[in-house]
Structure formats: C-alpha cells, structure tokens
Amino acid sequence: MIRTALASRPVRAGAALTAVAGIALLSGCAASASEAEEPTTGDTGSSTGSGSTGTGSAGSGSYADGTYTAEGSYATPESVETISVTVTLENDVITAVVATGDPQKRESEQYQSQFIGGIADVVVGEDIDDIQVSRVAGSSLTSGGFNKAIETIKSEAAS
C-alpha cells in the first residue's frame with residue numbers, strides 16, 4: 001500500500017497548531033452567561049422617567065434609607081412601554097426590588113415578564129450607584145425603562 005499526502009508532516013502539524021490556537025483565542029472572546037446579565041455602565045436606550053414616591057429616612061450612605069417607587073418608559077419597535085420600579089434602600093444598597101409593567105403589545109408582555117422575573121437576581125445586594133442594567137433574561141429594551149426609574153429614585157433619595 002502506497003500512502004500519499006498532499007502536505008508534508010511538518011506542514012500538517014503547523015496547520016493543526018494554528019487551528020488550536022485560533023479556537024483558544026476565539027473562546028476567550030465569548031461572554032459567559034453571567035457576564036451578559038451583569039449590570040454595566042452606559043445607557044443606550046431611549047427612555048424617560050416619571051414620578052417617584054419615597055419613604056426614606058437618613059442612613060449612613062449617600063441616599064436616605066427607605067422605599068422608593070418610580071416609573072421609566074422605553075421605546076420598542078412597536079410602542080412605548082412603561083415599567084414601574086419599587087426599590088428598598090439601606091446604606092445605598094438595594095435590599096429589595098419589585099418591578100411591574102403594563103405592556104401595550106404582546107411581545108412586550110413576554111419581555112417585560114422575563115425582565116421582571118430576573119431583575120431581583122441582578123440588583124438585590126448591589127450599591128444603587130453601581131446599577132446600570134443592560135439585559136435581564138433576554139430582555140434588553142426593558143432595561144432602559146428600569147435604568148431611568150433608578151435614576152429618578154436616586155434623585156429622590158438624595159434629596
């Protein structure tokens with residue numbers, strides 16, 4: 001049996017090493033699931049906030065301890081949606097969060113529901129100044145309204 005090869009052994013070994021190095025390099029670029037849902041800095045959404053109600057008292061942080069509620073709106077391709085956010089602060093740390101929505105479109109209902117179901121895992125236990133949510137459970141647009149509500153709450157709690 002005569003064995004023939006298109007490339008010599010050193011060339012094949014070099015190609016294999018290059019492929020392995022490329023795979024290793026590309027795997028380093030992929031974000032893990034937990035990184036994709038962590039709070040980040042920078043807001044690219046088009047949101048507006050409205051209203052805040054607070055029951056704060058002086059704490060040792062930059063913001064008064066208490067429970068605050070605000071609304072934030074955000075644009076989707078089909079509509080403008082609003083989310084209501086209630087946050088409890090203690091020494092600037094979010095100890096509880098409740099978000100409710102009033103979706104106008106069926107698709108928004110799905111994304112708001114996913115966001116509301118996962119937001120506590122992302123923000124509870126975090127300093128309110130460190131919160132800038134970009135995506136929760138696959139929902140990214142709802143984050144714009146949430147972040148705007150948090151900014152309104154921060155303004156209210158700082159007064």
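Which residues have the most contacts inside the largest nonpolar core?

## Model and confidence

This is a predicted model, in which local features need pLDDT of at least 70, side-chain atom pairs count only at pLDDT 80 or more, and totals for chains, interfaces and linings use all residues. Residues are numbered from 1 along each chain as its sequence is written, and side-chain values use heavy atoms, with hydrogens and water left out.

The average pLDDT (the predictor's confidence in each residue, from 0 to 100) is 77 for the chain, and 62% of the residues score at least 70. Over residues 21-49 pLDDT stays under 50.

## Nonpolar core

Val85, Ile119, Val123, Val133 and Phe146 have the most contacts inside the largest nonpolar core, which has 24 residues. Such a core is a set of buried (under 20% relative accessible area, 1.4 Å probe, protein chains only) Ala, Val, Leu, Ile, Met, Phe, Trp, Tyr and Cys residues joined through side-chain atoms within 4.5 Å. Among the elements that give two or more residues to this core are strand 3 (80-90) and helix 3 (106-123), while helix 4 contributes the largest share, five residues. Helices (H or I, at least four residues) and strands (E, at least two) are DSSP runs, numbered from the N terminus.

## Strand pairing

Strand 2 and strand 3 pair (at least two DSSP bridges) in the antiparallel sense over ten bridges, and a hairpin of four residues joins them. Thr69 has Thr86 of strand 3 as its bridge partner.

## Loop residue with positive phi

Asp92, in the loop between strand 3 and strand 4, has a positive phi near 75 degrees although it is not a glycine. Asp92 counts as buried because its relative accessibility is 7%.

Definitions and conventions:
Contact = heavy atoms within 4.5 Å. Buried < 20%, exposed > 50% of the residue type's maximum accessible area, 1.4 Å probe, protein only.
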